[in-house]
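Here is a short briefing for someone new to this model. Please look over the sequence and structure first.

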Amino acid sequence: MSMASSVVLVGAASAAMAQSPSLVGTYDGGQMEIAAALQLLADGRFRYALAYGALDEEAVGKWIVRGDRVLLTSDPATAPRFVLVSQSKSAPGVLRVDLDVPKGLSRQYFDAVITKANGQTERKQLAEDGLSLPFAAAEAPTTIRLSLQMFDVASGPVRLDANSGYSVRFRFEPNDIGKVAFQATPLKLVNGALLLDRHGRTIRFKRARH
């Protein structure tokens, strides 16, 4: 067999692995408390959407088959992020947290994760006017992170001490929030269904009937 023939055969095998016509179609992953859908297109593209409580997410990108798994890789997206706007002194013995958010987004979706001088960590939900948290000297906060748990977004830790001050203001930039960054994320093929582990649940996508 010539080298050229070998290259052609390897290329054909790779194409067969990447595309599986029998899997092309629309799948329903709905279950209690979850609405979900997945579409595998013949051109190797996919569409995904899920609604779970207050969470709505979606993704588009490419899919391939590897063994008994379908791998999803999303198109590039700009991740949401937190930006530290300012840090200053607050009232003595009080941690003050302010957060600038886009219009229509509630601050109550956000948490502050606070590490204290005694080594303990606590999570506090923000109110619409932010957070004011009194503390004793032995429990003075040493770092703080903000998080939006439903989208698994968190800031980096910000150091807190008497010199830098305990009043911090963050800004939340949503960017492409709700777009899932799948990176060769596997869905296992079991008895014609595709199983995706997400948000602590196993979502079973079954081919939708027309």
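The notes below cover confidence, aromatic pairs, cores and strand pairing.

This is a predicted model, in which local features need pLDDT of at least 70 and side-chain atom pairs count only at pLDDT 80 or more, while totals for chains, interfaces and linings use all residues. Residues are numbered from 1 along each chain as its sequence is written, and side-chain values use heavy atoms, with hydrogens and water left out.

**Confidence**
- The average pLDDT (the predictor's confidence in each residue, from 0 to 100) is 89 for the chain, and 90% of the residues score at least 70.
- Over residues 1-17 pLDDT stays under 50, and the model has five contacts (heavy atoms within 4.5 Å) beyond four places in sequence for them.
- Where pLDDT is low, the predicted coordinates should not be read in detail.

**Aromatic pairs**
- Rings of Phe, Tyr and Trp (its six-membered ring) pair if their centres lie within 6.5 Å; planes under 30 degrees apart count as stacked, over 60 as edge-to-face and the rest as tilted.
- By this rule there are seven aromatic pairs.
- Phe 82 and Phe 110 make an edge-to-face pair, with 5.9 Å centre to centre and 80 degrees between the planes.
- This pair links distant parts of the chain, 28 residues apart: Phe 82 is in strand 6 (residues 81-88) and Phe 110 in the loop between strand 7 (94-100) and strand 8 (111-116); strands (E, at least two residues) are DSSP runs, numbered from the N terminus.
- Phe 172 lies in strand 14 (residues 167-173), 62 residues apart from Phe 110.
- Elsewhere, ring pairs join Phe 46, Tyr 48, Phe 182 and Phe 205 into a cluster.

**Nonpolar cores**
- A nonpolar core is a set of buried Ala, Val, Leu, Ile, Met, Phe, Trp, Tyr and Cys residues joined through side-chain atoms within 4.5 Å.
- The largest has 23 residues, of which Phe 82, Leu 95, Leu 99 and Ile 144 touch the most other members.
- Another core, apart from it, has 22 residues, among them Ile 34 and Leu 50.

**Strand 7**
- Six of the seven residues in strand 7 are buried.
- Strand 7 runs antiparallel to strand 10, joined by four bridges, and Leu 95 has Leu 133 as its bridge partner there.
- Strand 7 pairs with strand 14 in the parallel sense over five bridges; two strands pair if DSSP finds at least two bridges between them.

Notes:
Buried < 20%, exposed > 50% of the residue type's maximum accessible area, 1.4 Å probe, protein only.
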